[in-house]
Amino acid sequence: HGEVNLSEKKWSLICSQPERRYYKYNGEKVPTTLINPDHVRHHKVMPTQFLYYKKFDRYKITETSEIRLRSGFCCVIIDVSTKRICTVFPTRRIKKGREFRPKES
């Protein structure tokens, strides 16, 4: 879907909630998910939004410690009309929705 951006202000907002305090230690997962996703789905309600998923087996919970995950995906939602990242979150499963398949040239 081309280049997208994530401002420092938006990243701070995403990481600001107490239950998301460990997101800041996993920031590298965002570009990895967008560059090399395992799955891309159309958003069920918003036609300009897409959900990118990448499976990771570890998440950092502090700068120096991490946990293993049996199943865990990083999900990054982008909006192609604004070329911005809407949000980022970990999930155990891929949401229902139509799979995105790029048009072959």
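Predicted model: local features only at pLDDT ≥ 70, side-chain atom pairs only at ≥ 80, totals over all residues.
Residues are numbered from 1 along each chain as its sequence is written, and side-chain values use heavy atoms, with hydrogens and water left out.

Gln49 belongs to strand S2, residues 49–55 (strands, E, are DSSP runs of at least two residues and helices, H or I, of at least four, numbered from the N terminus). With a relative accessibility of 12%, Gln49 is classed as buried (buried means under 20% relative accessible area, exposed over 50%, and partly exposed in between, with a 1.4 Å probe and protein chains only). Setting aside residues up to four places away in sequence, Gln49 touches His42, His43, Ile77, Ile78, Asp79 and Cys86 (contact means heavy atoms within 4.5 Å).

## Tyr53

Tyr53 is also found in strand S2, and its relative accessible area of 0% makes it buried.

Beyond residues up to four places away in sequence, the contacts of Tyr53 include Thr33, Pro37, Phe73, Cys75 and Lys95. The Tyr53 side chain also reaches the backbone nitrogen of Lys95 at 3.1 Å.

## The nonpolar core

The largest nonpolar core has 22 residues, and Trp11, Val76 and Val88 touch the most other members (such a core is a set of buried Ala, Val, Leu, Ile, Met, Phe, Trp, Tyr and Cys residues joined through side-chain atoms within 4.5 Å). Helix H1 (8–15) and the strands S2, S5 and S6 each supply at least two residues of this core. Strand S5 provides the largest share, 6 residues. In soluble globular proteins, nonpolar side chains tend to be buried together.

Apart from neighbours within four places in sequence, Trp11 is in contact with Leu6, Tyr23, Lys24, Gly27, Val30 and Val88.

A search of the whole structure finds 1 cavity of 30 Å³ or more. The largest cavity holds about 70 Å³ of space. On a 1 Å grid over the protein atoms alone, a cavity is a set of points where a 1.4 Å probe fits but cannot get out, whereas a pocket is an open set with protein on both sides within 12 Å along at least five of seven lines; lining residues have an atom within 4 Å of a point. Grid points are joined across faces, edges and corners, and a volume is the space filled by probe spheres set on the points. Among the residues lining the largest cavity are Trp11, Lys29, Val30, Tyr59 and Val88. Helix H2 (29–35) and strand S6 (84–91) each supply at least two lining residues, and S6 gives the most, with 3 residues. The lining comprises 8 nonpolar, 1 polar and 1 charged residues (Ala, Val, Leu, Ile, Met, Phe, Trp, Tyr, Cys and Pro count as nonpolar, Asp, Glu, Lys and Arg as charged, and the others, Gly among them, as polar).

Lys29 lies in helix H2 and, at 6% relative accessibility, counts as buried. Its side chain is joined to that of Glu28 by a polar contact of 3.2 Å, and a polar atom of the Lys29 side chain lies 3.4 Å from the backbone oxygen of Arg58. Lys29 also touches Phe56, Arg58, Tyr59 and Cys74, not counting residues up to four places away in sequence.

The largest pocket holds about 150 Å³ of space. Its lining includes Tyr22, Tyr59, Ser71, Phe73 and Arg92, and by class contains 7 nonpolar, 3 polar and 1 charged residues. Ser71 sits in the loop between strand S4 (66–68) and strand S5 (73–79). This serine is partly exposed, with a relative accessible area of 29%. Leaving out residues up to four places away in sequence, Ser71 touches Lys55 and Arg92.

Lys83 lies in the loop between S5 and S6 and is partly exposed, at a relative accessible area of 35%. Although Lys83 is not a glycine, it has a positive phi of about 60°.

Key. Polar contact = N/O pair within 3.5 Å; in protein donor to acceptor, adjacent residues only side chain to side chain.
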